Each structure stands twice: as C-alpha cells, then as structure tokens.
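User: Please take a close look at one helix and the charged pairs around it. Keep it short and connected.

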Amino acid sequence: MTTPYFDKHRDKLDAAVAASASREFYSAYDESPSPRVYGESAAGEGKAAFEAWQGRAFPLQTPGSDGTVSTERSPFGFELGVTYPRAHDVDALLTVAQTGMKAWRDAGPEARVGVGIEILDRLHQRVFELANAVQHTSGQAFVMAFQAGGAHALDRALEAIAYAWVEMTRTPRTAVWEKPGKVPLTMEKTFTVVPRGVALVVGCNTFPTWNSWPGLFASLVTGNAVVVKPHPSAVLPLAITVQVCQEVLAEAGFDRNLVTLAAEDPADKLASTLAVRPEVKLIDFTGGNAFGDWLEQHATQAVVFTEKAGVNTVVIDSTDAFGAMCANLAFSFALYTGQMCTAPQNVYLPASGIETDEGLKTPAEVAAGIGAAFDKLLGDDARAVELLGGVVNDGVLSRLGAAASQGEVYVASRTVTHPSYPDATVRTPTLIGLTAADSDVYESECFGPVAYLIATAGTDESIRLFRSTVLAHGAMTASVYSTRNDVVEQMREAALDAGVALSENLLGGVFVNQSAAYSDFHGTGANPAATASYTDGAYVASRFRIVQSRRHI
C-alpha cells in the first residue's frame, strides 16, 4: 500500500533509515538561517508571523476546555500575551482524542509515516516562526533556537519516524505458513501494528520542540493519539506544532483531534492528572527528578520515557593543547547559559595539577585558562548574548547566586546587557573550586551556569568519583582529556559501567553538550538520568504491538 504523502517523502525516509543504520552524517533540514538557503524574505516573514501571535487568541480548539490561559513571558523581557484554550474536562479530552484511532490504525504504517513526514515538511516551512517562538519562550539566542528548536529538532523527529518505520515493517503484513507432513498444514497469517492508546507528551521550558517532537512523532506514526501538554512558559512552539499536525491530519482524511493541545494554568497540575488515566499508555517527559520519579512510580499503566537531571562530568588528566581544551570547555559551559541537560558541570582534576603543552597547570590555573577563554567568547556584550541567550527562570538565578558560598570562586559570573532587549536577564558562567570531600555539593545537578572544578588525589580518584556519581545520580554526557591511552581506556570502561556516552579530547568544533541526529544517541536509558534514548529501537518499539490473526487455506 502506498499513499501520496508516503510516495512524496519516500526518498527522505530511506535516507534517514540509511543514516541511522550507518551512523554517518545526514541532515534533511538545513541548519543555517542564511538567506542564501531560505531566501531573502524568510527571516522577516517568520519574525512577523511570530509577532502577529502576540496579544491574540491562538486558533486551536481543545475538547473539554474551559476559558483560556496566558502564561508566557519572554526571558528577553516582555509578555507574549498569547491565549490558549484551558484544558479542563479530562474525560472529554481523552474521549475525543481516541475517536479517530481506529481509522488511523487501519490506515497502516505507510499512510501514518507519510503524514508524519508531511507534518515535518510543513513545520520546516514555518521554521523561522518556530525559531522566534522558541527563542522567546526558552531564552535561547536566535541562531540556537533556529538550529536546536528548528532544524535539529526536525531531524530528531525524522529519526524517530525512521526508527518507527523500521520496527513496524520488521514483521510482514501477511505470511503463508506451511508445515510439511502426510497431511500438510497450510495457514495464512495476518500481522497488524496496533497502537497502545493515548500518548501524553509533557513539554519542557528549555527545549520545547527538540525534547517533545521525537516522542510525539514516534507515538503518532505508530498509531497512537497524542495529547501535548506544554510547559506553561513555553506553549507557543507546541501550539504551532499541534496546529500543523491537525491541518495535515484533516487534509489526509483523518481526525484532526488525533493530536491535541492541553494548555494549563500552572496551578492546574494537569500533567499528574492525565498521567495516571487508564487511557494514557505512553508518556514522554523531560524535566526535573521530582516529577520524573513520580511518573515512573505512579503512572504504572503506561510506558514512561523520562529525561531527568544528571551530573555531567569532565575528567581532566592531561592535554597537549591546553588553550584549545580551555576554549572548548568555555564554549560548552557558556552555551545557552548552561541551561542544557547535556552541559558539563563537574570537572575532576588532580590537586597536584595536570600536564600540558604549557607545563604543569594547577586547578586554579586551569580555571584561569577557561576564564581567559570566557573573556574572548563573552567579553563583548553584543557577541556574548548570541551565545548565552537569556536566563530561563528565577530558579537558575537562585542557584547561580548561591554557588559562590559553596567553594572558592575561581571565575565570577557577571551581568550582561542585551543590546536589543534591555530587560533581558543574561549572566555569564561561574567556576567554583571544590575538593573531593565536597560531595554534598557536586553530587546534585546545579542546572544553569555553574561549573565545579573538583580537586582530587589523582586521576584514579577522578575516574572512581565519576563512575560512582553517575551510577548513583545519572548523567547525560561525560568527557575526558588525557594524552595517555591507559587513562582514556579506563574512562571508556568507567563510562560503560556507568551507562553514559563519552567524548574524548574534544578540541575543535564539536562540543560535549551537542549531539548529531542519526549518529549520536542522546541519553542511554542506562543510568538514572533517563529511561530512554533518542533514538534507538527500544524508544519506538514499545509504542505499538503486533496482533495476529490466522486461518486455514
């Protein structure tokens, strides 16, 4: 069976499947916002489309809604003023969400995958609008919002669809089974991909599209209805997403309410209500440990995919490129003000110093090297804001303010003035010196622009602390710098034990807190920071089941 959308996007699907198998570079969506790529008018039209939403009611209907909510304020200092239907009657919402599931199931994998990729194509057409929406709900600088919130998020969504396609088509639709013998037995068997039920996507504030789209599209193309519950501070990017989903579904002849928006007032605590409903069989969540752990413990009727907090670690033993190492780390600490689940936090290094091409460097001198790299990256405010973006919420500021009392301040944070948004809240990272004895500080995630340089008795202790901390508290990323093969090998073994991805001696244009769709796995599901990985077979295969029927022929 083929469908127009499936035929239209078959080459893109095949390329994504091939790249996911080979782990080679591939991108279906250009990450450069250059007019040479998207045309001279695209940026201006996208910004105007975003600005047109401000102060208006977003044109979506949520079944069972009651009134409206308006909960978004840009980290760059202004109210968005967009109003959305306030989800209220959960019974009505879930009943309507399930109405179109039979037809969606019966359409088959080709139709669903075709619709899914067509939705991505339409979202790509609105990528500048989405980038502005992501920027002014998350605080990401525009180029990062365009890349992480637009092009890269689209690639992660396509990757999830590609994996779902592979898993759904692993089993043939029909087979003839023949058992030889004096009286041969012959049967025809039919195998059908059957969805689990309603999927709930709980969005986050910092990466509303990048962290939501993989689960949304993995669930949708495997036949499930999807309820999207955005973070109250980052509704618009997901409202646009739902709008496009509904448009394409309706055009293809399916129930538009297969994807619905469930916006809330923060006091409603809608996610916890939806999460334990018997109709909800899949949950995707990105956010803090408290609610992630609660979901894993209480939403027992559902398969729960969580990405929570972790303690990302760098072990520095030695380097033959001190300046380049400091520049790489400085960029990683500064990018989006450290407000990334992959940003490094704990840097373990010997108290006696590390061997470098510039001689022995003590922890204080390593901090000074990173501080000098900060000066080059962030010394000019106009340039700094394009890397730092804005502080996403008061919790980040609170943790940053408390950091100075936790240890020796090697590099202090400073306030940056945004040249275009004078009311924006912008801060540079701080580096705090600790010792191995300060485990009460560094064994917890300090989300935001705070990094700890932790002096240890030596590299063996650094690796031991890395392993034990990640096993106990989780991590999304790890990194090592060493000129010694035996140390790198020890780190590889420790990373395997701890179940965390490892980067080795990063010096150039690749940073520990960035990952490439189709090649890098984001998270492993093998330590407490996450129960899932973007993207492997396990991420999609449990979103459906194969149900068979058989008959004699």
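Analyst: A salt bridge here is a side-chain nitrogen of Lys or Arg within 4 Å of a carboxyl oxygen of Asp or Glu. By that cut-off, a search of the whole structure gives 27 salt bridges. The model is predicted, and side-chain atom pairs count only at pLDDT 80 or more. Side chains of opposite charge can pair when their charged atoms come close.

The part to look at is helix 5. It covers residues 101–125. Of its 25 residues, 20 are buried, so the rest of the structure largely encloses helix 5.

Helix 5 is not straight. Its end C-alpha atoms are only 27 Å apart. A straight helix of 25 residues would reach 36 Å, at 1.5 Å a residue. There is a bend of about 110° at Gly108. A proline, Pro109, follows within four residues.

Now the charged pairs. Start with Arg105 and Asp106. Their side chains meet in a salt bridge, with an N to O distance of 2.8 Å. Arg105 has a relative accessible area of 29%, which makes it partly exposed. Asp106 is partly exposed too, at 43% relative accessibility.

Next, Glu110. This residue pairs with Arg173, and the closest N and O atoms are 2.2 Å apart. Glu110 sits in helix 5, while Arg173 sits in the loop between helix 7 (142–168) and strand 3 (174–179). The pair therefore ties together parts that are 63 residues apart in sequence. The cut-off for buried is under 20%.

For contrast, take a pair inside one helix elsewhere. Glu489 and Arg492 form a salt bridge of 3.4 Å, N to O. Both lie in helix 18 (residues 485–498), three residues apart, so about one helical turn separates them. An α-helix has 3.6 residues a turn, so residues three or four places apart point the same way. Glu489 is partly exposed, at 36% relative accessibility. Arg492 is partly exposed as well, with a relative accessible area of 38%. Some salt bridges also share partners: Lys8, Glu118, Asp121, Arg122 and Glu251 are joined into one network.

Note on methods. Residues are numbered from 1 along each chain as its sequence is written. This is a predicted model: local features need pLDDT of at least 70, side-chain atom pairs count only at pLDDT 80 or more; totals for chains, interfaces and linings use all residues. Side-chain values use heavy atoms; hydrogens and water are left out. Buried means under 20% relative accessible area, exposed over 50%, partly exposed in between (1.4 Å probe, protein chains only). Helices (H or I, at least four residues) and strands (E, at least two) are DSSP runs, numbered from the N terminus. The expected span of a helix is 1.5 Å times one less than its number of residues. The bend at a residue is the angle between axes fitted to the seven residues ending there and the seven starting there.
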